[in-house]
Amino acid sequence: MIRTLVMLGFWAALLPVAALIGFPWTLITGDIRFLYRMTMWGAWTGVRLSGIRVETMGLDKLDTSRTYIFMSNHVSNVDPPILMPLIPRRMSIMVKKELFRVPVLSRLMRFGSLVPVDRGNRESGIAAVRAAAEVIRQGLNMTVYVEGHRSFDGKLLPFKKGPFYLAEECGVPIVPVTIVGTHYVMPKKRFAIKPGTVTVIFHPPIEPRDFGSRDCLMAKVRRAIESGLPAELQETAPATTRETRVHEGSASA
């Protein structure tokens, strides 16, 4: 509990600094980069103060001059402040549309090219994919928690289709990402943080020429993410993979 309070206390102390310096600078200049760097530094520092150590694999193999869609598993509230500061260059995410009703915050998020989405509304989801595509075309990376929700037990949930529509629409490489260890340090529905090591694995990019059908692409991303999980959290034949095999078998017949 103390470690969680230390992390939250640090973020709470940083917020007035951001409000007094970062927010006005962004609103006056229209340039989000200073506030973005401050936010990423604050997220990373707060995680380290809580006793979480982070190791990365594969990050050095990425071409930082390229634009990617990062698709990751999701098991804990500490996943975002661990993963997002690691993403090369600026990136965007999809956030709940309700946050865009907060006046100043809404303007800042629009400066940051964040994408509003209503997960319970199909038409809103389609609009969010189109908006995200425009953000990617501007050269920003996109980070997506491809399951849509946090997993209770660390195993992969079914994937949402929206991120794969987005990938096909934009034609940029997908980087599957596996986060390992956050289920131990702060599982879903637990407030206290345990000290521990979290490993973030950046798998080789899947290039647009290798996408194949949407089901095939979904299966490729799922296999990559799952390959980084401990053996006890892997499934022998994920549903998406089975469905793809049936689909491919029917096509070949």
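**Cysteines and helix α8**

I looked up C216 first: it is buried, at 13% relative accessible area. The model is predicted. I checked C170 next, and it is buried too, with a relative accessible area of 18%. Both values count as buried because the cut-off is under 20%. I then searched for disulfides and found zero in the structure.

C216 sits in α8, where L217, M218, A219, V221, R222, A224, I225 and E226 are also buried. I took the span of α8, residues 214-227. Its 14 residues reach 20 Å from first C-alpha to last, close to the 20 Å expected.

**Helices α1 and α2**

How do α1 and α2 run relative to each other? I read an angle of about 175° between α1 (residues 2-29) and α2 (residues 33-49), with the axes 10 Å apart. The two helices are therefore roughly antiparallel.

I listed the contact residues. On the α1 side they include F10, W11, L14 and W25; on the α2 side they include F34, L35, M38 and W41. I sorted the residues of this contact by type: 16 are nonpolar, five are polar and none is charged.

**Loop residue I193**

I found I193 in the loop between α7 (182-185) and β8 (196-202). Is I193 buried or exposed? It counts as buried, at 5% relative accessibility.

I looked up its contacts beyond four places in sequence. They are R3, T4, M7, S50, I52, V78, V185 and M186. M7 also belongs to the α1 side of the contact with α2. I noted one more pair: I193 and G51 lie 142 residues apart in sequence, yet 8.3 Å apart in space, C-alpha to C-alpha.

Key. Residues numbered from 1 in each chain as written. Predicted model: local features only at pLDDT ≥ 70, side-chain atom pairs only at ≥ 80, totals over all residues. Heavy atoms only, no water. Helix = DSSP H or I, 4+ residues; strand = E, 2+ residues; numbered from the N terminus. Expected span 1.5 Å × (residues − 1). Buried < 20%, exposed > 50% of the residue type's maximum accessible area, 1.4 Å probe, protein only. Disulfide = S-S within 2.5 Å. Axes fitted to C-alpha atoms, helices over the stretch in contact; angles between N-to-C directions. Parallel < 35°, antiparallel > 145°, perpendicular 65-115°, else oblique. Contact = heavy atoms within 4.5 Å. Nonpolar A, V, L, I, M, F, W, Y, C, P; charged D, E, K, R; others polar.
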